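Here is a short briefing for a first look at this structure. Please keep the sequence and the model at hand while reading.

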Amino acid sequence: VRVLNVHRATRIISIETDNSDPALIREAADILRAGGLVAFATETVYGLGADATNPEAVAKIYEAKGRPALNPLIVHAAGVEMAEACVVADLRVERRGDVASLASALAADYWPGPLTLVLPRSGMIPDIVTAGLPTVGVRVPRPLIARQLIAELGRPVAAPSANRSTGVSPTLAWHVLKDLDGRIDLILDSGQTDVGLESTVVDLTTREPRILRPGPVTAAMIERSLGGLRVHTAGHRESVSPEAPTSPGQLAVHYAPTTPTVRVETAGDLARFRWPDKAVLLVVGEHDLPPLPAGITRYVLKTPERAAHELYIVLRQCDWMDAHAIVVVPPPDRPEWAAIRDRLARAARPWEKDG
Ligand code: AMP
Ligand code: MG
């Protein structure tokens, strides 16, 4: 029996996302089957996987991440059938307009892909995975090796982002190593993740579907799949009591660098900003910048796709530069930027203009 690998170096094996290596997949699945932790790339960020049906294994995820026990984990399935076994809903029915057929329409259109469906959970999923909630978030990840790993285990895999709780999510294997070395058994390194931002989470247990965490699959894409049915998008903006978050992505501080990070809402305000000695500027979206003091390191991420792909690498790099502040100009409040604005709102505190 394997125990949590504390005080021992974590092993890394390099593997191509879409080029299967049956022997390696079997080795990784064996670790999961023995109750161990394996980090692997999904299309969103690196996930920290454990056998979702094994409560002791799932407990190690919370321990390794330092994650509060009230934050539920997303369950990853190898395909629609395995996802269906995790929930009380039929994911393969015709479109009828009830919850099950909303779920099956979304599964058909976006799986495998970066969309998590929150549905009533089945008896297969233990309490610890959902933090006691009667619902479970489930999705089918896109990379072949992720699905092969889960299929080889033959059981769903609970996999939150493979970083320390409240920190910046990992989009490279070394991000995982830096945060979790000695705390997990294995990292499957398949390079930078494709999308770079966490999945969209949509709750289908309420009367109207509700986006709990905006992500790569936009509200408009979901509404199109559901034949124009309105989808609530306000969930992530509302203040939620920390004792009872509907969704951990709703916690106020999340995705945050350790360097003080300030959000300056418009580029024009930068002219009035009192810059500390050593600052890093991160401009997201198209902005006309006022003249800036010399010597400020500057990153510009112009499109939503590029911002998703690079945001966490840039935030970790800014952190590593030992600046006194990271200054972020967020993108405009438009639907295509919703996911990035959401992450930046949690990573950075607003600049007090008159303070
Ligand atoms: P993380 O593990 O940090 O990548 O994030 C996990 C995400 O899963 C959270 O942000 C939630 O939005 C979502 N989630 C998982 N299970 C549930 C659930 N039962 N109800 C609501 N949200 C969930
Ligand atoms: Mg996370």
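Start at Lys65, which sits in helix 2 (residues 55-65). Helices (H or I, at least four residues) and strands (E, at least two) are DSSP runs, numbered from the N terminus. This is a predicted model, in which local features need pLDDT of at least 70, side-chain atom pairs count only at pLDDT 80 or more, totals for chains, interfaces and linings use all residues, and side-chain values use heavy atoms, with hydrogens and water left out. Residues are numbered from 1 along each chain as its sequence is written, while chains are lettered from A and ligands numbered from 1 in the order in which they are written.

**Lys65**
- Lys65 is buried yet has no salt bridge. Buried means under 20% relative accessible area, with a 1.4 Å probe and protein chains only. A salt bridge puts a side-chain nitrogen of Lys or Arg within 4 Å of a carboxyl oxygen of Asp or Glu.
- The nearest side chain of opposite charge is Asp179, 7.5 Å away. Lys and Arg count as positive, Asp and Glu as negative; His and the chain ends are not counted.
- The Lys65 side chain reaches the backbone oxygen of Asn163 at 3.1 Å.
- Lys65 also touches other residues, including Leu48, Pro160, Arg164 and Leu180. Contact means heavy atoms within 4.5 Å.

**Strand 6**
- Five of the five residues of strand 6 (residues 135-139) are buried, so the strand is largely enclosed by the rest of the structure.
- In a regular strand the side chains alternate between the two faces of the sheet.
- Thr135, Gly137 and Arg139 are buried on one side of strand 6, and Val136 and Val138 on the other.
- Strand 4 (residues 74-76) runs parallel to strand 6, joined by three bridges. Val75 has Val138 as its bridge partner.
- Strand 5 (residues 115-120) runs antiparallel to strand 6, with four bridges.

- Five strands form an open sheet in the order 13-12-14-11-15, with parallel pairing. Two strands pair if DSSP finds at least two bridges between them.
- Strand 13 (297-301) and strand 15 (349-350) stand at the edges with a single partner strand each, so one side of each has no neighbour in the sheet.
- Five bridges link strand 12 (residues 279-284) with strand 13 in the parallel sense. One bridge partner of this kind is Arg298 in strand 13, for Leu281.

**Confidence**
- The mean pLDDT of the protein is 91, and 91% of its residues reach 70 or more. pLDDT is the predictor's confidence in each residue, from 0 to 100.
- Over residues 237-245 the pLDDT is below 50. Beyond near neighbours in sequence, this stretch has twelve contacts in the model.

Definitions and conventions:
Buried means under 20% relative accessible area, exposed over 50%, partly exposed in between (1.4 Å probe, protein chains only). A polar contact is a pair of N or O atoms within 3.5 Å; within protein, one must be able to donate a hydrogen and the other to accept it, and residues adjacent in sequence count only if both atoms are side-chain atoms. Lists of a residue's contacts leave out its neighbours within four places in sequence.
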